[in-house]
Amino acid sequence: YKTFGENSWGLTACVGPKGYSGEFGAMPAMSKLQGNDGTISPSGVAGSIVFTPELSIKALEYYYNSFPKLWCKYGFKDAYNLDYGKPWYAEECIGIDKGTSMLMIENYMTGLIWKYFMENEYVKKGLQKLGIIQKTKEAAKV
């Protein structure tokens, strides 16, 4: 797809040229029938910033500098697609995508989100049951 490139990625559920779809992700989530049609969502990149900070920041800067139609008063619109006839840009700025973007950017900047998330007793118990973290004396009291 023309849309995809070194600084143009971000697969996640989003609005596409044919409406909202959860099938714009990568396998195994995307449908075998539809699959991705070249639609990219900046929230997929912003949500990845804690895992790929340099790549994510470079992609977000690329979107901002290269696609003025992708920007609205709340930040990035939900998605864009350069392969759908003429270039297509979502009209929507979807709140759940803004929320994910803001939370992960805050987490990248301060670590605040993961800090409080990992202090939650249910999260600790779940991660212990999965064998992801080991039980500590402090955790045994929970």
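Is Cys93 buried, partly exposed or exposed? Cys93 is partly exposed, with a relative accessible area of 25%. Here "buried" means under 20% relative accessible area, "exposed" means over 50%, and "partly exposed" is in between, using a 1.4 Å probe and protein chains only.

Before going on, a word on where this comes from. This is a predicted model, in which local features need pLDDT of at least 70 and side-chain atom pairs count only at pLDDT 80 or more, while totals for chains, interfaces and linings use all residues. Residues are numbered from 1 along each chain as its sequence is written, and side-chain values use heavy atoms, with hydrogens and water left out.

## The overall layout

The chain's secondary structure comes to 6 helices and 6 strands. Helices (H or I, at least four residues) and strands (E, at least two) are DSSP runs, numbered from the N terminus. Starting from the N terminus, the elements run β-β-α-α-β-β-β-β-α-α-α-α. Of the 142 residues in the chain, 39% are buried. Now for contacts, meaning heavy atoms within 4.5 Å: among those in the chain with a separation of 6 or more, 51% come from residues 24 or more positions apart.

## The disulfide

Back to Cys93. Its partner is Cys72, and the two form a disulfide with their sulfur atoms 2.0 Å apart. A disulfide is a covalent bond between the sulfur atoms of two cysteines. The rule used here asks for a pair of cysteine sulfur atoms within 2.5 Å, and by this rule the count comes to 1 disulfide. The torsion about the S-S bond of Cys72 and Cys93 is about -130°, so the disulfide is left-handed. Cys72 lies in strand S3, and Cys93 in the loop between strand S6 (88-89) and helix H3 (95-110), so the pair ties together parts that are 21 residues apart in sequence. Cys72 is buried, at 15% relative accessible area. Another cysteine, Cys14, is buried too, with a value of 0%.

H2 has 14 residues and reaches 20 Å from its first C-alpha to its last, close to the 20 Å expected at 1.5 Å a residue. That expected span is 1.5 Å times one less than the number of residues in the helix. Which residues of H2 are buried? They are Ser56, Ala59, Leu60 and Tyr63. Looking down the axis of H2, you'd find these buried residues within an arc of 95°, so they line one face of the helix. The arc is that of the directions from the helix axis to the C-beta atoms. The buried residues of H2 pack against H1, strand S4 (75-76) and S5. Over on the other side of H2, Glu54 and Asn65 are exposed.

H1 itself covers residues 42-46 and includes Ser43. Ser43 is buried, with a relative accessible area of 10%. Setting aside neighbours within four places in sequence, Ser43 is in contact with Thr12, Asp97 and Ser101.

## A cluster of rings

A search of the whole structure finds 10 aromatic pairs. Rings of Phe, Tyr and Trp (its six-membered ring) pair if their centres lie within 6.5 Å; planes under 30 degrees apart count as stacked, over 60 as edge-to-face and the rest as tilted. Here are two of those pairs:

| Pair | Distance between centres | Angle between planes | Type |
|---|---|---|---|
| Tyr62 and Phe67 | 5.5 Å | 85° | edge-to-face |
| Phe67 and Tyr80 | 4.7 Å | 40° | tilted |

Phe67 lies in the loop between helix H2 (53-66) and strand S3 (71-72), and Tyr80 in strand S5 (residues 80-81), so the pair ties together parts that are 13 residues apart in sequence. Phe67 is buried at 9% relative accessible area, and Tyr80 is buried at 0%. Tyr62 is partly exposed, at 32%. Ring pairs link Tyr62, Tyr63, Tyr64, Phe67, Trp71, Phe76, Tyr80 and Tyr89 into a cluster.

## Around helix H4

Trp114 sits in helix H4 (residues 112-119) and is partly exposed, with a relative accessible area of 40%. Which residues does Trp114 touch, not counting those up to four places away in sequence? They are Val50, Phe51, Met104 and Asn107. Trp114 and Met104 are 10 residues apart in sequence, and their C-alpha atoms are 9.4 Å apart in space.

Finally, the charged end of Lys115 sits over the ring of Tyr116, 4.2 Å from its centre. To count, NZ of Lys or CZ of Arg has to be within 6 Å of the ring centre and within 35 degrees of the ring normal.
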